[in-house]
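Look over the sequence and the model, then read on.

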Amino acid sequence: MPPQVGSRRSLIVSLVLTVAIAFGSLAATLSLGWGPKLGLDLAGGLSVVYKPTTHATTSDMQEVVTILTNRVDGLGVSGATVNLQGKDVVVSVPGVKDARAVLQAVGQTAQLLFRPVLCEAGVGAKLTAATTLPSCAPQYQDTAANLNVNTSTGNPVNIAPDPAFTNIASTKPAKDLPAETVLLPLLGQPGVRYVLGPSQMTGHSIKKALAQQDQAGAWVVNYTLTGTGSPLWDQVAQKNFHQLLAIELDGVVQSAPLIQPNQASFTSFAGQGQISGSFTQQSAQTLALAMNFGALPVRLQALTTQTVSPTLGHSSLVAGLGAGLAGLALVLLYTIVYYRALGLVIVLGLAVTASLLWAIISALGHTAFAPSFDLAGVTGLIVSIGITVDSYIVYFERLKDEARAGRSVRSSVDRGFRSAWRTVLAADTVSLLAAVLLYIIAVGDVKGFAFFLGLSTLMDVLITWYFTRPLVILLGRRGSSSTSKLSMAAGLHAGAQSE
Amino acid sequence: MSNDTDTFAPIDDKTYGRFGRLYHGLTTVDFVGRRKIWFTVSIVIIVLGIGSLAIRGFNLGIDFKGGSSWEVLAPHTSIANMTSAVEKAGLAHPNVEKLGSKTYQVTADLNTLSSSRQATITNDVVNAMAKTAGVSPTQVSTSNVGPTWGGQITNKALEALIVFFIAVVAYISIRFEPKMAVAAFVAMVHDLLVTVGVYSIFGFQITPDTVIAILTILGYSLYDTVVVFDRVRDNTQGVLKGGDLTYSEMVNLSMNQTLARSINTSLVAILPVLAVLLIGADLLGATTLQNYGLALFVGLMSGAYSSIFIASPLLAWMKEREPRYLDLAARVGVRTDRRILTASSAALQSAQTSATNARPARSGGASGTIQARARKQKRR
């Protein structure tokens, strides 16, 4: 007889391999200390969905994703994700303690602008808004001639603030447009404001900025420019050579460095530059962060904002796991009472399935691809308990049918499996179809749910073929003559036999 | 097949109780014949639901109509305390609810206010709730939803639903047959209407989680129906040849054969959901779980009911109108020696007839030699 799929040897190999792979991968996962990537509603954290307020192309939105990713990464939180779903950007930062602080930093939707400093202004006691700003008086203008930079010390001539601006209020956010001349405060120095000309460059051109210490140990901000940004920066820098160029973010001047004060004439930056001065570590990092924020190609509007406190998330996790385990225990109890020895097959089968699922979910948690494990995913898994156990029920009810027809357990297990397998395949196909379609079309939580439902359905098909089939067939061949209470016949206990 | 195949020993139904008969495959429930009862029950529930929908509409969560909500775990306070605290913080008409045993949820609509005012009030409410609960402000969960967000989720879900319906009807039409696809589709729509109706009647809040749960239910209902139809197809493959059962009787037999499985499966599916609902949501106060659990519970019950009482009787009713099954019914109807088959007796009969009438789906040879032959059979 040629070797068959159903030969004793191949059945044993399949069974042993499946069990070894399942428990082996679980052990490996546990020993590596991997766990599932918990979603926002379980770990606590922040989630925001932004929508562009004006028409935006897909490449615009992809740029938004890159910039927002930089912003989130710059905050030093781990596990944050920024995804594009259709034209919406979903920012999700799980596990942060003070979600509101993160929200404020990420939520800044303003543009980063580079404006020339026209003159400095003081802050008077009584400020009134002005519809149009006056021009800076010639003697107060921060022109290259007035500043007259000393290239050996790098210091300019000190120019006093223009008193004409002292009692004018700073430009309101609504009027703070790139093409306007504006009056804005300097970050961290309450008494200093600048009158700034129209924007000459946006944060678009900055590729990356980093706060670092130079050889002398002083804090500086090093930055690189994008391919198209580099020539533009050279142009802007040349135009403002030996003058102050303000970096504005969200209506506040982050810094107003002097361009190449130690050089007699302008030289190309060749794609990178350094901002130095009296930085502390904190102020350097703040500036680098601001420069990384980049300029968004479109304005964003928050569609929905959600913060979940870690305690609430934790209590959901406990509740979800508790409910899942309690449900599982009830199901197992029921199947053992109903199917006796065969019920133990279900218990073992679920243990194998659960080990594999946990290992896969944990491993996926280490890739960027998999959705994080949230309550919707927990629900998907809890629902899949039903689908997984159902495959056993379909098979065992077929076995009972076969036994009722007077067939021996030994032949029933083969025949019963063949008809049950077709049913399981047909039913799981429908379930998988639902999961795949939902995953492709739906948004948000539904995606995670569909992913875990699909994963566990796929697992059901594999386990039914590679685990349940060999185990039950082997048990059936062995136990057909056994009369013990735990034998297969006791679990089947069909009507036809008990007459 | 000869007329004298009913030679198996008659089974004494009195031996077993209701559960015993189910366990031993001795049930003879006439699912198809009593379809008017089942259909009426469903139509009454659905009409009530639609009526309630027309009059009261849905209790939509803030995700659909826009608004803000705050949640905090606070074991030692009261709704009155919480309400006065958030009102002082600037909420005009807050809706304060206690979820589970210790979670307080405050909802209000701030979308008419300016964004800076929204931010101020949101912060004040967070601080007020934290103070009332005696925790730090970081322990308060918040959610702000713009007015357009919910519509987007719903549209996507509807889109998914329609594509899913089309794909499912196509799959069942190919794998089984078009009439089964129609019956399964009707059962799915039935479950959708029942769940939605129950939500409206009892005023349960609709959240995006509910939408997910409803999608699950539809998938599950269909899964259940497919298992039953798989058996119907098995049994009816030889129906014209066999000639001693009408299509309806075949469906009835299939239903009774899969009844134990249907009930087991439904129990196994509902037990974890019940655990979610009672343990997760009520005892431990996980509100999202409650949203899922409720919809799943209603839907799974409806799904189990519709596979047995709607899909199959509907299928039998449609098939009986086909000329060949009309003929069959007329031929079979004149015979007097027929007896109702139970799952158990059908299995015996099938084993006996298979010796002379080899049908690929159900026979492997005569029962006397099956042991020896089964081992040689290639599984695939």
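## The sheet of eight strands

What is the order of the strands in the open sheet of eight? It runs β2(A)-β3(A)-β1(A)-β13(A)-β5(B)-β2(B)-β4(B)-β3(B), and the pairing is antiparallel. The model is predicted. The edge strands are β2 (81-85) of chain A and β3 (95-99) of chain B. Each of these pairs on one side only. Neighbouring strands in this sheet are turned by 20° against each other on average, direction ignored.

## Strands of chain A in that sheet

Start with β1(A), residues 45-52. Seven of its eight residues are buried, so the strand is mostly covered. It pairs with β3(A), residues 88-94, in the antiparallel sense over six bridges. β1(A) is also joined to β13(A) by eight bridges, and these two strands run antiparallel as well.

Which residues are the bridge partners of A:Val49? In β3(A), the partner is A:Val90. In β13(A), A:Thr304 stands opposite A:Val49.

## The chain B end

β3(B) is joined to β4(B), residues 103-108, by five bridges. The two strands run antiparallel. Here B:Lys98 stands opposite B:Tyr104 of β4(B).

A helix packs on the sheet at this point. It is α4(B), residues 79-88, and it touches β3 and β4 of chain B. The direction of α4(B) makes about 145° with that of β3(B).

## A helix across both chains

Helix α8(A) spans residues 310-339. Which strands does α8(A) lie across? They are β13 (300-308) of chain A together with β2 (67-73) and β5 (141-145) of chain B. α8(A) runs at about 75° to β2(B).

## Two helices side by side

α8(A) also packs with helix α10(A), residues 375-404. The angle is about 5°, and the axes are 10 Å apart. Angles under 35 degrees count as roughly parallel, so α8(A) is roughly parallel to α10(A).

Which residues make the contact? From α8(A) come A:Ser316, A:Gly320, A:Gly324, A:Gly327, A:Leu328, A:Val331, A:Thr335 and A:Tyr339. From α10(A) come A:Leu375, A:Val378, A:Leu381, A:Ile382, A:Ile385, A:Val389 and A:Phe396. By class, the contact of α8(A) with α10(A) has 10 nonpolar, five polar and no charged residues. An α-helix has 3.6 residues a turn, so residues three or four places apart point the same way.

## A sheet of three strands

Chain A also holds an open sheet of three strands, in the order β8-β9-β12, with antiparallel pairing. The edge strands are β8 (206-213) and β12 of chain A, and each pairs on one side only. Neighbouring strands of this sheet are turned by 20° against each other on average, direction ignored. β9(A), residues 219-225, pairs with β12(A) in the antiparallel sense over five bridges. A:Phe279 in β12(A) is the bridge partner of A:Trp219.

Helix α7(A) packs on this sheet, touching β8, β9 and β12 of chain A. The direction of α7(A) makes about 170° with that of β8(A). The helix has 12 residues, 281-292. From its first C-alpha to its last, α7(A) reaches 16 Å, close to the 16 Å expected at 1.5 Å a residue. Its buried residues include A:Ala284, A:Leu287, A:Ala288 and A:Leu289. A:Ala290, A:Met291 and A:Asn292 are buried too.

Most residues other than glycine have a negative phi. A:His242 has a positive phi of about 60°, although it is not a glycine. A:Ala270 has a positive phi of about 50°, and it is not a glycine either. A:His242 is in the loop between α6 (229-239) and β10 (245-249) of chain A. A:Ala270 is in the loop between β11 (252-255) and β12 (272-279) of chain A.

Is each residue buried or exposed? A:His242 has 20 other C-beta atoms within 10 Å, so it is buried. A:Ala270 has 10 C-beta neighbours inside 10 Å, so it counts as exposed.

## Chain A as a whole

Chain A has 14 helices and 13 strands. Of its 499 residues, 48% are buried. Among contacts in chain A with a separation of 6 or more, 75% are between residues 24 or more positions apart.

Note on methods. Residues are numbered from 1 along each chain as its sequence is written. Chains are lettered from A and ligands numbered from 1 in the order in which they are written. This is a predicted model: local features need pLDDT of at least 70, side-chain atom pairs count only at pLDDT 80 or more; totals for chains, interfaces and linings use all residues. Two strands pair if DSSP finds at least two bridges between them. Helices (H or I, at least four residues) and strands (E, at least two) are DSSP runs, numbered from the N terminus. Axes are lines fitted to C-alpha atoms, for helices over the stretch in contact, and angles run from 0 to 180 degrees between N-to-C directions. Two residues are in contact if their C-beta atoms, placed from the backbone, lie within 7 Å. Angles under 35 degrees count as roughly parallel, over 145 as roughly antiparallel, 65 to 115 as roughly perpendicular and the rest as oblique. Ala, Val, Leu, Ile, Met, Phe, Trp, Tyr, Cys and Pro count as nonpolar, Asp, Glu, Lys and Arg as charged, and the others, Gly among them, as polar. A residue is buried if 20 or more other C-beta atoms lie within 10 Å of its own, exposed if 12 or fewer, and partly exposed in between; C-beta atoms are placed from the backbone. The expected span of a helix is 1.5 Å times one less than its number of residues.
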